[in-house]
Amino acid sequence: MNRNPILTIQTGKAIIRVELYPTSAPNAVRSIIMIAQQGLLNHREIRRIAPGFVIQPSFTCYDDERLAMEIPGEFAVNGFEGGAVMKEGSVGMGGDGKTLASGSEFFFCLTDETGASLQGKFPVIGQVIEGWEEVKRLECVPAKHLPIPGRDDVIVYVPTTPEYMESVTVETFGVAYPEPEIIGYQEIPHFDDPQ
């Protein structure tokens with residue numbers, strides 16, 4: 001019997017484990033597997049906390065052009081059916097919510113209400129199966145508001161004391177997943193961080 005891959009995120013404080021769902025968003029899952037296997041998510045600062053909504057470790061592709069991938073949006077509003085339900089503890093992949101998804105910018109859905117508001121607009125790549133208390137700890141760390149020019153609808157709070165994903169690894173249980181389909185690469189946004 002095939003097992004779903006497990007993504008393990010080691011923060012500075014604890015471990016978060018995510019069961020990935022290759023049947024829910026196969027290309028997005030292949031993308032996160034590829035970049036984890038390449039070590040591209042190691043020692044990345046957690047840069048977006050939106051309490052009561054999501055924790056998205058990056059909203060700037062980790063300031064790394066290799067991670068600025070755009071991939072097809074595997075969600076209902078883009079005509080993709082059969083994805084998992086977005087709910088508390090779901091892990092989604094960011095994007096424009098219309099046609100494209102990010103190949104690297106995943107997020108933790110913090111409430112069922114958030115999940116309902118995002119359902120069908122972003123790929124669900126998995127579910128937290130261990131370390132939810134660490135996700136909730138991160139939600140509550142002291143943070144400063146980072147305004148995004150022209151985007152009042154985007155909530156971003158940056159931890160005042162940096163928090164990191166020290167390592168992100170994946171166990172595929174012997175399954176070799178192919179590389180994802182990549183449409184192109186976006187320009188990395190840069191914002192002034194308030195002191």
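**Strands and rings**

In the hairpin formed by strand 7 and strand 8, where four residues lie between the strands, G97 adopts a positive phi near 70 degrees. Strands here are DSSP runs of E with at least two residues, and helices are runs of H or I with at least four, numbered from the N terminus. Please keep in mind that this is a predicted model, in which local features need pLDDT of at least 70 and side-chain atom pairs count only at pLDDT 80 or more, while totals for chains, interfaces and linings use all residues. Residues are numbered from 1 along each chain as its sequence is written, and side-chain values use heavy atoms, with hydrogens and water left out.

Strand 7 runs antiparallel to strand 8, joined by four bridges, and antiparallel to strand 9, joined by three; two strands pair if DSSP finds at least two bridges between them. G92 stands opposite F107 in strand 8 and opposite V124 in strand 9. Because five of the six residues of strand 7 (residues 90-95) are buried, the strand is largely enclosed by the rest of the structure; buried means under 20% relative accessible area, exposed over 50%, and partly exposed in between, with a 1.4 Å probe and protein chains only.

Turning to the rings, those of Phe, Tyr and Trp (its six-membered ring) pair if their centres lie within 6.5 Å, and planes under 30 degrees apart count as stacked, over 60 as edge-to-face and the rest as tilted. This gives three aromatic pairs. One of them joins F106 and F108, edge-to-face, at 5.7 Å centre to centre with 85 degrees between the planes.
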